[in-house]
Amino acid sequence: MLDAASPPPGGLPMTTTLITGANRGLGFEAARRLTGAGHTVYIGARDPERGRAAAARLGARFVRLDVTDDGSVQAAAASLRASGGLDVLVNNAGTAGARRPVGETTADDLAGTFETNVFGVVRVTHAFLPLLKESAAPVVVNVGSALGSRAACADRSRPEFDVAYLDYSASKSALVMLTSQYAKAFPAIRFNAVDPGYTATDLTGHQGAPVQEGAEVIVRMAAVGADGPTGGWFDNAGPAAW
């Protein structure tokens, strides 16, 4: 486990990392770990007050970034370019969605959830691709969920089998395919999707495993380096079935 006293994972060089939705939960914990290891980390957050407070707590940097707003995303990309560039992008910002029974979930529910969990990832990734292409070892980590895994949701022995949220699960499943397509289109960039597991955050009502455990796979995959895997789906145990 990487903590504030740990060297960069695998002895990799220090990176500049942007984590969206990082003022709390998994994003904040991943930022804490990477900042503590000496990396330059940008806390991307919609709320300037909360974002700046989170960055100050960690010794990180703040950039205002609302993944649902084109202007906000473009301004954030311009800010990082002016500050020197980007090596690692962690698309962590997400919404739990409508949480209605499947038969009551509407197209508008899906549109709202996809706006953050899917379109937001595309919006941010598209805006930051020019900066990532300039990095010597660019990495993108997309934070997904086992609720978007066909294998997990079809396995009666797993808790995901009994959870049915049409909009959220569909959005996280789409995220894995986005990751695969980006990985094929940009072989010089390490694109991977991760499942942090059922973790105690605002999205779960603070039920589940500690964020320190959930953030492990995010931190690990953020540090894979130029020769690391790409186009994969990972959980804390390693490569996972999708």
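**Aromatic pairs and salt bridges**

Tyr182 and Phe191 are both buried. Keep in mind that this is a predicted model. Here's a quick tour of its ring pairs and charged contacts.

**Ring pairs**

- Searching the whole structure turns up two aromatic pairs.
- One of them is Phe114 with Phe119, an edge-to-face pair with 6.2 Å centre to centre and 65° between the planes.
- Phe114 is buried at 17% relative accessible area, while Phe119 is partly exposed at 40%.
- Tyr182 and Phe191 count as stacked because their planes sit at 10°, with the ring centres 5.2 Å apart.

- Across the whole structure, the search gives eight salt bridges.
- Asp70 pairs up with Arg123, and their closest N and O atoms are 2.9 Å apart.
- Asp70 is partly exposed at 48%, whereas Arg123 is buried at 17%.
- Glu134 bridges to Arg81, with 3.2 Å between the closest N and O atoms.
- Glu134 is in the loop between H5 and strand E5 (139-143) and Arg81 is in helix H3, so this pair ties together parts 53 residues apart in sequence.
- Glu134 is exposed at 56% relative accessible area, and Arg81 is partly exposed at 41%.

**Other salt bridges**

- Asp109 and Arg100 form a salt bridge, with the closest N and O atoms 2.8 Å apart.
- Asp109 is buried at 13%, but Arg100 is partly exposed at 39%.
- Glu29, Arg32, Arg33 and Glu216 are joined in a salt-bridge network.

Definitions and conventions
Residues numbered from 1 in each chain as written. Predicted model: local features only at pLDDT ≥ 70, side-chain atom pairs only at ≥ 80, totals over all residues. Heavy atoms only, no water. Phe/Tyr/Trp six-rings, centres within 6.5 Å; stacked < 30°, edge-to-face > 60°. Buried < 20%, exposed > 50% of the residue type's maximum accessible area, 1.4 Å probe, protein only. Salt bridge = Lys/Arg side-chain N within 4 Å of Asp/Glu carboxyl O. Helix = DSSP H or I, 4+ residues; strand = E, 2+ residues; numbered from the N terminus.
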